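Here is a short briefing to read alongside the model. Take a look at the sequence and structure first, and then we can walk through the main points together.

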Amino acid sequence: MNRLQGKVAAVTGAASGIGRESARRFAAEGAKVLVTDLRGERAEDVAREIRDSGGQALGLKVDAGAEDDLKAMIDTAVGEFGSIDILFNNALNNNPDTIARDLDFLNFDPEVFHINMQVNVLGGVLATKYALPHMLKQGSGSIIFTSSTSSLGGEVTAFTYGATKAAVNWYVQTIATNYGKQGIRCNGIVPGVIVTESQQAWSNPEMDAAFLEIQNVPRLGKPEDIANMAVFLGSDEAEYCNGCLYQVNGGMTASTPMVPVVRKFLEDGQ
Ligand SMILES: NC(=O)c1ccc[n+]([C@@H]2O[C@H](COP(=O)([O-])OP(=O)(O)OC[C@H]3O[C@@H](n4cnc5c(N)ncnc54)[C@H](O)[C@@H]3O)[C@@H](O)[C@H]2O)c1
């Protein structure tokens with residue numbers, strides 16, 4: 001329960017899902033946590049809940065698409081808690097309007113591309129820019145980005161989302177390359193299907209059942225599954241881990257793409 005004792009963490013997109021669970025887990029492991037989200041009141045609710053259960057946390061409204069907010073996030077972590085040791089760049093643009101405008105390649109909308117790049121990629125890059133001077137001064141720090149399985153191959157919809165996550169992967173490796181020797185680690189988590197608000201907004205029970213079929217564990221993912229990895233990467237236990245993309249996906253990418261087809265044939269033959 002004290003794997004992050006003495007550390008200060010800031011989490012973006014932490015009013016729900018993966019970010020909220022990670023903020024809770026960071027605090028339960030002894031970190032002081034700045035809980036941030038575009039929905040500031042809900043971020044404060046999460047922080048209050050952490051304080052009520054004996055942890056240390058503050059809520060702050062941070063739009064990951066606004067550079068001033070990201071600077072204020074790092075300034076607040078350092079000003080209120082004394083340092084920034086863990087930066088979890090987790091927010092995504094989940095605005096239903098931009099999602100709806102991202103579904104048809106023949107109507108590719110450059111504005112949607114730029115908005116998603118601004119929030120999903122630049123958000124983490126700029127937060128890192130402001131956190132790095134503090135981390136370099138103390139000679140340590142862990143930066144974590146939430147990537148996506150969509151970054152790993154071609155997609156049939158959401159034609160900017162996967163591109164933003166592929167860019168995230170590149171920044172993970174580049175930040176790791178540039179600052180690893182100075183004690184700063186940067187890693188990405190590549191979730192599979194994690195049941196959250198954003199995931200439920202585009203999925204449905206039939207799709208969830210089909211996703212379960214292509215996994216190699218008996219359940220879909222929970223925010224806790226990603227939070228567990230984030231705790232590890234934020235802790236000193238991960239001192240030798242830098243520049244990696246950790247797939248936490250119920251074994252979804254363990255099998256060849258042919259396995260679901262072969263499984264079906266085998267079942268039908270029985
Ligand atoms: N759930 C999955 O299956 C899954 C799979 C792969 C990757 N991911 C990634 O995990 C991360 C977290 O997603 P989640 O599933 O927990 O979603 P979620 O909807 O539960 O949480 C996303 C949070 O981001 C906040 N947000 C939206 N726009 C923002 C902005 N401009 N600035 C700051 N915060 C903003 C929302 O208010 C929300 O609280 C995202 O980066 C997402 O791409 C999720």
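Two residues are in contact if their C-beta atoms, placed from the backbone, lie within 7 Å. With that in hand, Val 33 touches Ala 9, Val 11, Ala 23, Phe 26, Ala 27, Ile 50, Gln 56 and Ala 57, leaving aside residues up to four places away in sequence. Please keep in mind that this is a predicted model: local features need pLDDT of at least 70, side-chain atom pairs count only at pLDDT 80 or more, and totals for chains, interfaces and linings use all residues. Residue numbers start from 1 along each chain as its sequence is written.

**Overall fold**

- The protein chain has 10 helices and 7 strands, where helices (H or I, at least four residues) and strands (E, at least two) are DSSP runs numbered from the N terminus.
- The radius of gyration of the protein chain is 19 Å, close to the 18 Å that the globule rule gives for 270 residues, so the chain is as compact as a globular protein of that length. That radius is taken over C-alpha atoms, and the rule is 2.2 Å times the number of residues to the power 0.38.
- Along the principal axes, the C-alpha trace of the protein chain spans about 65 × 40 × 40 Å.
- Among contacts in the protein chain between residues at least 6 apart in sequence, 73% join residues at least 24 apart.

**Burial and the nonpolar core**

- Buried residues make up 44% of the 270 in the protein chain; a residue is buried if 20 or more other C-beta atoms lie within 10 Å of its own, exposed if 12 or fewer, and partly exposed in between, with C-beta atoms placed from the backbone.
- The largest nonpolar core has 64 residues, of which Ala 23, Val 33 and Val 35 touch the most other members. Helix H5 (residues 110-138) gives the most to this core, with 10 residues.
- A nonpolar core here is a set of buried Ala, Val, Leu, Ile, Met, Phe, Trp, Tyr and Cys residues joined through C-beta atoms within 7 Å.

**Ligand surroundings**

- The ligand is surrounded by 29 residues, and the closest are Gly 13, Gly 17, Ala 64, Thr 196 and Ser 198. A residue counts as near a molecule or strand if its C-beta atom, placed from the backbone, lies within 6 Å of it.
- Helix H1 (17-28) and helix H7 (197-202) each supply at least two residues of this shell.
- The shell divides into 11 nonpolar, 14 polar and 4 charged residues. Ala, Val, Leu, Ile, Met, Phe, Trp, Tyr, Cys and Pro count as nonpolar, Asp, Glu, Lys and Arg as charged, and the others, Gly among them, as polar.

**Helix H1**

- H1 is largely enclosed by the rest of the structure, because 11 of its 12 residues are buried. Among them are Gly 17, Arg 20, Glu 21, Ala 23 and Phe 26.
- Gly 30 follows H1 and has a positive phi, near 100 degrees.

**Individual residues**

- Phe 211 is found in helix H8 (residues 205-214) and touches Val 193 and Leu 220, not counting residues up to four places away in sequence.
- Glu 239 sits in the loop between helix H9 (223-234) and strand S7 (245-248), and is exposed, with 11 other C-beta atoms within 10 Å.
- Ala 158 has a positive phi, near 50 degrees, though it is a residue other than glycine.
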